[in-house]
Amino acid sequence: MIKFTDKEVRWGVLGVGAVCERKSAPAMQKVDNSRLVAVMRRNGELARDYAQRHGVGKWYDDADALIADPEVNAIYIATPPNAHLELTRKAAAAGKPVYVEKPMARTHAECLEMIRICEAAGVPLFVAYYRRTLPNFLKIKSLLESGVIGDLRYVQVLMNQPAHPDVKTGPDENWRINPDISGGGYFYDLGSHQLDFLDYLLGPVKSVRALAKNQAGWYGVEDIVSAGFEFESGVMGSGVWCFTTSEVAKTDMTTLVGSKGQISYPSFWDTYVDLETDAGVNERFTFEMPEHIQTFLITSIVQELLGEGSCPSTGHSAARTNWVMEEMTASMRKI
(Lines give C-alpha, C1' and ligand atoms only; values in the text may rest on other atoms or scores of the structure.)
Protein backbone atom coordinates (compact mmCIF):
# COMPACT_ATOMS: atom_id res chain seq x y z
CA MET A 1 0.00 0.00 0.00
CA ILE A 2 1.06 3.59 -0.63
CA LYS A 3 1.99 5.08 2.71
CA PHE A 4 -0.42 7.78 3.87
CA THR A 5 1.94 10.53 4.97
CA ASP A 6 -0.43 13.37 5.85
CA LYS A 7 -1.17 14.18 9.48
CA GLU A 8 -4.91 14.52 8.90
CA VAL A 9 -7.51 13.03 6.60
CA ARG A 10 -9.10 15.62 4.32
CA TRP A 11 -12.26 14.16 2.86
CA GLY A 12 -13.96 14.80 -0.44
CA VAL A 13 -17.48 13.40 -0.85
CA LEU A 14 -18.89 12.24 -4.18
CA GLY A 15 -22.69 12.15 -4.26
CA VAL A 16 -23.49 14.28 -1.24
CA GLY A 17 -27.13 13.22 -0.83
CA ALA A 18 -29.44 12.11 1.95
CA VAL A 19 -27.02 9.70 3.68
CA CYS A 20 -24.63 12.63 4.17
CA GLU A 21 -27.08 14.86 5.99
CA ARG A 22 -26.71 13.10 9.32
CA LYS A 23 -25.35 9.57 9.10
CA SER A 24 -21.87 10.02 7.69
CA ALA A 25 -20.30 13.21 6.36
CA PRO A 26 -20.92 15.40 9.45
CA ALA A 27 -18.83 12.93 11.47
CA MET A 28 -15.89 13.64 9.17
CA GLN A 29 -15.86 17.15 10.59
CA LYS A 30 -15.88 15.96 14.21
CA VAL A 31 -13.51 12.98 14.29
CA ASP A 32 -9.99 13.84 15.47
CA ASN A 33 -7.52 14.52 12.66
CA SER A 34 -10.31 14.53 10.08
CA ARG A 35 -11.85 17.33 7.99
CA LEU A 36 -14.52 17.47 5.31
CA VAL A 37 -13.09 19.89 2.76
CA ALA A 38 -15.12 19.34 -0.44
CA VAL A 39 -18.44 17.89 -1.61
CA MET A 40 -19.78 17.04 -5.05
CA ARG A 41 -23.16 16.39 -6.61
CA ARG A 42 -24.16 16.42 -10.27
CA ASN A 43 -26.66 19.15 -9.42
CA GLY A 44 -24.29 21.94 -8.48
CA GLU A 45 -26.95 23.96 -6.69
CA LEU A 46 -27.62 21.05 -4.34
CA ALA A 47 -23.89 20.61 -3.74
CA ARG A 48 -23.54 24.33 -2.98
CA ASP A 49 -26.54 24.20 -0.65
CA TYR A 50 -25.05 21.27 1.28
CA ALA A 51 -21.66 22.99 1.54
CA GLN A 52 -23.20 26.21 2.86
CA ARG A 53 -25.43 24.47 5.39
CA HIS A 54 -22.66 22.23 6.72
CA GLY A 55 -19.75 24.66 6.66
CA VAL A 56 -17.80 22.92 3.88
CA GLY A 57 -15.39 25.15 2.00
CA LYS A 58 -15.64 23.73 -1.51
CA TRP A 59 -18.33 22.24 -3.71
CA TYR A 60 -18.27 20.72 -7.18
CA ASP A 61 -20.68 19.42 -9.82
CA ASP A 62 -17.98 17.27 -11.42
CA ALA A 63 -16.49 14.15 -9.81
CA ASP A 64 -13.18 14.42 -11.68
CA ALA A 65 -12.65 17.94 -10.40
CA LEU A 66 -13.16 16.94 -6.77
CA ILE A 67 -10.91 13.91 -7.10
CA ALA A 68 -8.19 16.09 -8.61
CA ASP A 69 -8.41 18.68 -5.81
CA PRO A 70 -4.95 18.61 -4.16
CA GLU A 71 -6.43 19.44 -0.76
CA VAL A 72 -8.54 16.26 -0.83
CA ASN A 73 -6.55 13.20 0.24
CA ALA A 74 -9.37 10.65 0.79
CA ILE A 75 -12.55 9.99 -1.17
CA TYR A 76 -15.96 9.01 0.21
CA ILE A 77 -18.26 7.62 -2.49
CA ALA A 78 -21.83 8.18 -1.27
CA THR A 79 -23.61 7.59 -4.58
CA PRO A 80 -25.96 4.69 -5.39
CA PRO A 81 -24.11 1.42 -6.13
CA ASN A 82 -24.08 1.69 -9.93
CA ALA A 83 -21.43 4.43 -9.74
CA HIS A 84 -19.18 2.78 -7.15
CA LEU A 85 -16.91 0.87 -9.52
CA GLU A 86 -16.14 3.73 -11.89
CA LEU A 87 -15.63 6.29 -9.13
CA THR A 88 -13.40 3.86 -7.24
CA ARG A 89 -11.37 3.48 -10.43
CA LYS A 90 -10.90 7.24 -10.67
CA ALA A 91 -10.10 7.76 -6.98
CA ALA A 92 -7.59 4.90 -6.95
CA ALA A 93 -5.92 6.24 -10.09
CA ALA A 94 -5.42 9.50 -8.21
CA GLY A 95 -3.76 7.56 -5.37
CA LYS A 96 -6.45 8.44 -2.82
CA PRO A 97 -7.95 6.02 -0.27
CA VAL A 98 -11.54 5.02 -0.97
CA TYR A 99 -14.49 4.78 1.42
CA VAL A 100 -17.63 3.56 -0.34
CA GLU A 101 -21.25 3.26 0.73
CA LYS A 102 -22.98 -0.10 1.09
CA PRO A 103 -23.76 -2.33 -0.61
CA MET A 104 -20.25 -2.20 -2.01
CA ALA A 105 -21.45 -2.61 -5.61
CA ARG A 106 -24.26 -4.09 -7.70
CA THR A 107 -22.55 -7.46 -8.15
CA HIS A 108 -19.85 -9.59 -6.63
CA ALA A 109 -17.87 -9.27 -9.86
CA GLU A 110 -17.88 -5.48 -9.52
CA CYS A 111 -16.68 -5.85 -5.92
CA LEU A 112 -13.76 -8.03 -7.02
CA GLU A 113 -12.83 -5.48 -9.68
CA MET A 114 -12.87 -2.68 -7.10
CA ILE A 115 -10.55 -4.73 -4.88
CA ARG A 116 -8.23 -5.41 -7.81
CA ILE A 117 -8.13 -1.75 -8.81
CA CYS A 118 -7.33 -0.52 -5.30
CA GLU A 119 -4.69 -3.18 -4.67
CA ALA A 120 -3.01 -2.39 -8.01
CA ALA A 121 -3.00 1.31 -7.13
CA GLY A 122 -1.80 0.64 -3.58
CA VAL A 123 -4.72 2.41 -1.89
CA PRO A 124 -6.96 1.02 0.87
CA LEU A 125 -10.64 0.31 0.28
CA PHE A 126 -13.21 0.63 3.07
CA VAL A 127 -16.98 0.01 3.01
CA ALA A 128 -19.70 1.63 5.15
CA TYR A 129 -20.85 -1.41 7.13
CA TYR A 130 -20.81 0.60 10.34
CA ARG A 131 -22.57 -1.97 12.53
CA ARG A 132 -19.16 -3.57 12.96
CA THR A 133 -18.30 -0.63 15.25
CA LEU A 134 -21.55 0.13 17.10
CA PRO A 135 -21.76 -0.68 20.84
CA ASN A 136 -24.84 -2.93 20.69
CA PHE A 137 -23.31 -5.12 17.99
CA LEU A 138 -19.96 -5.22 19.77
CA LYS A 139 -21.85 -6.37 22.88
CA ILE A 140 -23.33 -9.26 20.87
CA LYS A 141 -19.83 -10.21 19.76
CA SER A 142 -18.43 -10.07 23.29
CA LEU A 143 -21.32 -12.13 24.72
CA LEU A 144 -20.88 -14.80 22.07
CA GLU A 145 -17.12 -14.94 22.57
CA SER A 146 -17.55 -15.20 26.36
CA GLY A 147 -19.26 -18.58 25.94
CA VAL A 148 -22.28 -17.53 27.97
CA ILE A 149 -24.68 -19.26 25.54
CA GLY A 150 -22.38 -22.25 25.06
CA ASP A 151 -21.62 -23.59 21.60
CA LEU A 152 -23.44 -21.71 18.87
CA ARG A 153 -25.78 -23.98 16.93
CA TYR A 154 -27.54 -21.69 14.48
CA VAL A 155 -28.64 -18.16 13.69
CA GLN A 156 -32.10 -17.14 12.53
CA VAL A 157 -32.96 -13.83 10.83
CA LEU A 158 -36.54 -12.65 10.43
CA MET A 159 -37.36 -9.34 8.78
CA ASN A 160 -40.94 -8.45 7.89
CA GLN A 161 -41.53 -4.95 6.60
CA PRO A 162 -44.65 -3.37 5.07
CA ALA A 163 -44.13 -2.06 1.55
CA HIS A 164 -42.40 1.30 1.48
CA PRO A 165 -44.86 3.97 0.25
CA ASP A 166 -42.77 4.78 -2.81
CA VAL A 167 -42.47 1.24 -4.20
CA LYS A 168 -45.57 1.71 -6.37
CA THR A 169 -43.88 4.63 -8.14
CA GLY A 170 -41.64 2.04 -9.76
CA PRO A 171 -37.91 1.78 -10.43
CA ASP A 172 -37.76 5.01 -12.43
CA GLU A 173 -38.51 7.01 -9.28
CA ASN A 174 -37.06 4.69 -6.62
CA TRP A 175 -33.49 3.61 -7.38
CA ARG A 176 -33.47 1.07 -4.55
CA ILE A 177 -35.77 -1.21 -6.56
CA ASN A 178 -33.95 -0.65 -9.84
CA PRO A 179 -31.34 -3.44 -10.12
CA ASP A 180 -29.45 -1.52 -12.80
CA ILE A 181 -28.69 1.04 -10.09
CA SER A 182 -28.89 -0.87 -6.79
CA GLY A 183 -28.16 -4.47 -7.77
CA GLY A 184 -31.42 -5.68 -6.22
CA GLY A 185 -34.31 -4.50 -4.08
CA TYR A 186 -34.71 -3.63 -0.42
CA PHE A 187 -33.04 -6.92 0.46
CA TYR A 188 -29.81 -5.54 -0.98
CA ASP A 189 -30.32 -2.25 0.82
CA LEU A 190 -31.20 -3.61 4.28
CA GLY A 191 -30.35 -7.31 4.36
CA SER A 192 -26.79 -6.46 3.43
CA HIS A 193 -26.28 -4.85 6.85
CA GLN A 194 -27.50 -7.98 8.65
CA LEU A 195 -25.47 -10.38 6.55
CA ASP A 196 -22.33 -8.29 6.84
CA PHE A 197 -22.56 -8.25 10.62
CA LEU A 198 -23.01 -12.03 10.67
CA ASP A 199 -19.83 -12.27 8.58
CA TYR A 200 -18.07 -10.15 11.21
CA LEU A 201 -19.52 -12.20 14.05
CA LEU A 202 -19.26 -15.73 12.67
CA GLY A 203 -16.89 -15.60 9.71
CA PRO A 204 -17.59 -16.26 6.03
CA VAL A 205 -20.61 -18.13 4.71
CA LYS A 206 -19.52 -21.10 2.60
CA SER A 207 -22.80 -22.31 1.09
CA VAL A 208 -26.30 -21.01 0.43
CA ARG A 209 -29.62 -22.50 -0.63
CA ALA A 210 -32.40 -20.02 -1.19
CA LEU A 211 -35.52 -18.94 -3.02
CA ALA A 212 -36.30 -15.36 -4.00
CA LYS A 213 -39.44 -14.04 -5.64
CA ASN A 214 -41.47 -10.93 -6.28
CA GLN A 215 -44.88 -11.73 -4.80
CA ALA A 216 -46.56 -8.33 -4.85
CA GLY A 217 -45.69 -7.51 -8.46
CA TRP A 218 -44.92 -3.84 -7.86
CA TYR A 219 -41.41 -4.02 -9.31
CA GLY A 220 -39.10 -6.43 -11.07
CA VAL A 221 -36.75 -7.62 -8.34
CA GLU A 222 -37.16 -9.74 -5.22
CA ASP A 223 -39.49 -8.59 -2.46
CA ILE A 224 -39.11 -11.84 -0.49
CA VAL A 225 -36.08 -14.03 0.16
CA SER A 226 -36.05 -17.32 2.09
CA ALA A 227 -32.61 -18.80 2.68
CA GLY A 228 -30.63 -21.48 4.43
CA PHE A 229 -26.88 -21.07 4.74
CA GLU A 230 -23.82 -22.50 6.45
CA PHE A 231 -20.74 -20.73 7.77
CA GLU A 232 -17.25 -22.11 7.30
CA SER A 233 -17.26 -22.79 11.04
CA GLY A 234 -20.16 -25.24 10.65
CA VAL A 235 -22.74 -22.93 12.27
CA MET A 236 -26.03 -23.07 10.39
CA GLY A 237 -28.22 -20.14 9.45
CA SER A 238 -31.68 -19.40 8.12
CA GLY A 239 -33.48 -16.23 7.20
CA VAL A 240 -36.65 -14.78 5.73
CA TRP A 241 -36.77 -11.22 4.45
CA CYS A 242 -40.18 -9.99 3.25
CA PHE A 243 -40.81 -6.37 2.27
CA THR A 244 -44.57 -6.52 1.60
CA THR A 245 -46.08 -7.71 4.88
CA SER A 246 -48.86 -6.29 7.04
CA GLU A 247 -48.15 -3.78 9.78
CA VAL A 248 -49.05 -6.32 12.47
CA ALA A 249 -46.42 -8.73 11.12
CA LYS A 250 -43.66 -6.11 11.16
CA THR A 251 -40.59 -7.79 12.66
CA ASP A 252 -36.86 -7.19 12.87
CA MET A 253 -35.15 -9.87 14.94
CA THR A 254 -32.06 -12.02 14.75
CA THR A 255 -31.52 -14.86 17.22
CA LEU A 256 -28.28 -16.68 17.98
CA VAL A 257 -29.14 -20.07 19.46
CA GLY A 258 -26.53 -21.89 21.52
CA SER A 259 -26.24 -25.01 23.64
CA LYS A 260 -26.76 -23.05 26.90
CA GLY A 261 -28.83 -20.03 25.87
CA GLN A 262 -29.62 -17.50 23.19
CA ILE A 263 -28.99 -13.89 22.18
CA SER A 264 -31.66 -11.89 20.35
CA TYR A 265 -31.40 -8.45 18.81
CA PRO A 266 -33.00 -6.08 16.27
CA SER A 267 -30.83 -4.71 13.48
CA PHE A 268 -32.74 -1.54 12.55
CA TRP A 269 -35.71 -0.54 14.70
CA ASP A 270 -34.14 -0.63 18.15
CA THR A 271 -30.74 -1.04 19.80
CA TYR A 272 -31.25 -3.52 22.65
CA VAL A 273 -29.67 -6.94 23.08
CA ASP A 274 -31.49 -9.72 24.98
CA LEU A 275 -29.64 -12.56 26.71
CA GLU A 276 -31.34 -15.70 28.05
CA THR A 277 -29.53 -18.72 29.47
CA ASP A 278 -30.32 -22.06 31.04
CA ALA A 279 -28.57 -20.77 34.17
CA GLY A 280 -31.45 -18.37 34.74
CA VAL A 281 -30.02 -15.22 33.21
CA ASN A 282 -32.66 -13.05 31.53
CA GLU A 283 -31.16 -9.65 30.82
CA ARG A 284 -31.71 -6.82 28.37
CA PHE A 285 -28.82 -4.53 27.50
CA THR A 286 -29.68 -1.09 26.09
CA PHE A 287 -27.44 1.31 24.22
CA GLU A 288 -27.31 4.88 22.99
CA MET A 289 -26.15 5.48 19.44
CA PRO A 290 -23.80 8.27 18.33
CA GLU A 291 -25.39 11.36 16.82
CA HIS A 292 -23.87 10.40 13.48
CA ILE A 293 -24.20 6.65 13.09
CA GLN A 294 -21.00 6.20 11.06
CA THR A 295 -18.81 8.07 13.57
CA PHE A 296 -17.03 5.03 15.02
CA LEU A 297 -16.36 3.44 11.63
CA ILE A 298 -15.04 6.72 10.21
CA THR A 299 -12.85 7.04 13.30
CA SER A 300 -11.39 3.61 12.59
CA ILE A 301 -10.67 4.57 8.98
CA VAL A 302 -8.91 7.76 10.03
CA GLN A 303 -6.89 5.87 12.62
CA GLU A 304 -5.85 3.23 10.08
CA LEU A 305 -4.78 5.83 7.54
CA LEU A 306 -2.72 7.60 10.20
CA GLY A 307 -1.15 4.34 11.34
CA GLU A 308 -2.91 4.31 14.70
CA GLY A 309 -5.43 1.46 14.31
CA SER A 310 -7.40 -0.58 11.81
CA CYS A 311 -10.83 -0.52 10.18
CA PRO A 312 -12.94 -3.69 10.47
CA SER A 313 -14.89 -3.15 7.23
CA THR A 314 -12.83 -3.64 4.08
CA GLY A 315 -13.41 -4.36 0.43
CA HIS A 316 -12.65 -8.02 1.02
CA SER A 317 -15.21 -8.43 3.81
CA ALA A 318 -17.88 -6.42 1.98
CA ALA A 319 -17.41 -8.42 -1.21
CA ARG A 320 -18.30 -11.58 0.71
CA THR A 321 -21.64 -10.01 1.62
CA ASN A 322 -22.35 -9.28 -2.04
CA TRP A 323 -21.55 -12.91 -2.86
CA VAL A 324 -24.01 -14.17 -0.25
CA MET A 325 -26.76 -11.86 -1.52
CA GLU A 326 -26.19 -13.01 -5.09
CA GLU A 327 -26.45 -16.63 -4.01
CA MET A 328 -29.66 -15.88 -2.10
CA THR A 329 -31.32 -14.12 -5.04
CA ALA A 330 -30.03 -16.36 -7.85
CA SER A 331 -33.41 -18.04 -8.37
CA MET A 332 -35.03 -14.66 -8.98
CA ARG A 333 -32.41 -13.68 -11.51
CA LYS A 334 -33.08 -16.87 -13.51
CA ILE A 335 -36.82 -16.20 -13.90
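Modeller: Just after helix H2, Gly55 takes a positive phi of about 65°. Helices here are DSSP runs of H or I with at least four residues, strands are runs of E with at least two, and both are numbered from the N terminus. Please keep in mind that this is a predicted model, in which local features need pLDDT of at least 70 and side-chain atom pairs count only at pLDDT 80 or more, while totals for chains, interfaces and linings use all residues. Residues are numbered from 1 along each chain as its sequence is written, and side-chain values use heavy atoms, with hydrogens and water left out.

At the N-terminal end of H2, the cap is Asn43: one of its side-chain oxygens lies 3.0 Å from the backbone nitrogen of Glu45. A polar contact is a pair of N or O atoms within 3.5 Å; within protein, one must be able to donate a hydrogen and the other to accept it, and residues adjacent in sequence count only if both atoms are side-chain atoms.

Between its ends, H2 spans residues 44–54, and Gly44, Ala47, Tyr50, Ala51 and His54 are buried. Buried means under 20% relative accessible area, exposed means over 50%, and partly exposed is in between, with a 1.4 Å probe and protein chains only. Viewed down the axis of H2, these buried residues fall within an arc of 125°, so they line one face of the helix; the arc is that of the directions from the helix axis to the C-beta atoms. An α-helix has 3.6 residues a turn, so residues three or four places apart point the same way.

What do the buried residues of H2 pack against? Their partners are helix H1 (25–28), strand E2 (34–40) and strand E3 (58–60), where contact means heavy atoms within 4.5 Å.

Ser34 is buried, with a relative accessible area of 5%. A polar atom of the Ser34 side chain lies 2.7 Å from the backbone oxygen of Met28. Leaving aside residues up to four places away in sequence, Ser34 touches Val9, Trp11, Met28, Gln29 and Val302.
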